Amino acid sequence: MTSFDASPPLNVWRALLALAVVFVMLATTGWTVVHSHRRDTPLQASRSAWQHGSIGGRHLPDANSAPGRIARFFASLDAPQRSRLAHRYPLAVGNMNGAPVKLRYRANHIALGQQRKVERGRMHDNRLSTVGQQDAGSRMHRFEALMGKKRQILAFDPEGSGRIAEVYGKLDKAQRISVVVPGVDTDLLTFQRTFRKYSAPVGMARSLYRAERAASPTTRTAVIAWADYTSPSGLGIDSATAMRAADGAVRLDALVRALPGRSPVALYCHSYGSVLCGIAARSLPSRVSDIAVAGSPGMRAEKVSGLGTSARVWAMRDSDDWIQDVPHLEVGGLGHGADPVSRAFGARLLSASTAKGHGGYFEPGTDSLRNFAEIGVGAYHSVRCADDDDVCRAGLSGGATA
């Protein structure tokens, strides 16, 4: 299937948009309604057990409580009690906004170990096809890699294609926090790649973290590789509409509101991830200082003012990025609106002159990565604009956070 990392011809996009119209019509007339009854997912089962649990004679709070309430609950426990909860309900605790980040890391490490055992068993399950057994092996090895000693897994859901988020740096000590929001074809198995590694969330986040450290060694930064939403798979109706982005926007807002401290947060939204960031922008808390998009098909707004955010909005696109051939329109819910690098949109246009096509904005040594890093450490005076214009540099001041 064609991926956003590939370069589809313009007529493919037009055909997909036409096909999407047909599917939307069918869906709205009820022709494609499918009813299914599914068992509880591992995460749902863990949350259900949590809801009926207790610690020290106390009932546990609703897992969906506001992050502040969850934080106060865990603060009222001693270390052994917190540890017991992580071992009893690893998926629930590991995905609980407001729980201490280090406890979430520990809980997700436990959950990954449990799911690794499940997949190891599926590898030898004769009821599965050869392909099914191979898929189980791939997942088992991925879970094993994610259990590495230095890895900090902030969120983990093994259901379906899976969701995951990983932290680089000390999140609870950071003076500035960056969140990488990827696009289509992102799941547990594509979260990290060996080939074209900087087009995957892990490679993007690690590269950005190193670049921020180089840009300002004295600034305490943390970067989150955030693949904790269900992204579209390839080019199809999901990627032509905002359905996945809208669901992801709710999850992104919940993440930002649960981040520790009050440090400013910058979002780096790639490809379809920029659709998600555009939808989320209006509801995000004011600590989000910057939203930078790269290779964007649109942000579901005609102008920056339509995003309803006080954050600085930056945009870039490499001259070799095929996304420039995508029709920038929105009709009946199909397409994602105006081109963020157009003058009329009003974003601050950044240089991406040495980027590596659609999937290469986080490649070391590129203007695009340097610009991302300068934004990440607050060194706005050092960004390289696409052109020397007033819009890009308006109101910029200051250096990196000391």
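Trainee: In β6, which residue is the bridge partner of Arg176?

Mentor: Thr221 is the bridge partner of Arg176. This is a predicted model: local features need pLDDT of at least 70, side-chain atom pairs need 80 or more, and totals for chains, interfaces and linings use all residues. Residues are numbered from 1 along each chain as its sequence is written, and side-chain values use heavy atoms, without hydrogens or water.

Trainee: How do β5 and β6 pair?

Mentor: They pair in the parallel sense over 5 bridges. Strands (DSSP runs of E, at least two residues) and helices (H or I, at least four) are numbered from the N terminus. Two strands pair if DSSP finds at least two bridges between them. β5 also runs parallel to β7, joined by 5 bridges. There, Val180 stands opposite Tyr268.

Trainee: Which way do the side chains of β5 point?

Mentor: In a regular strand the side chains alternate between the two faces of the sheet. Here Arg176, Ser178 and Val180 point one way from β5, and Ile177, Val179 and Val181 the other way.

Trainee: Which residues of α10 are buried, and which are exposed?

Mentor: An α-helix has 3.6 residues a turn, so residues three or four places apart point the same way. In α10, Ala245, Gly248, Ala249, Leu252, Asp253, Leu255 and Val256 are buried. Seen down the axis, they fall within an arc of 160° (taken from the directions from the helix axis to the C-beta atoms), so they line one face of α10. On the other side, Asp247 and Val250 are exposed.

Notes: Buried < 20%, exposed > 50% of the residue type's maximum accessible area, 1.4 Å probe, protein only.
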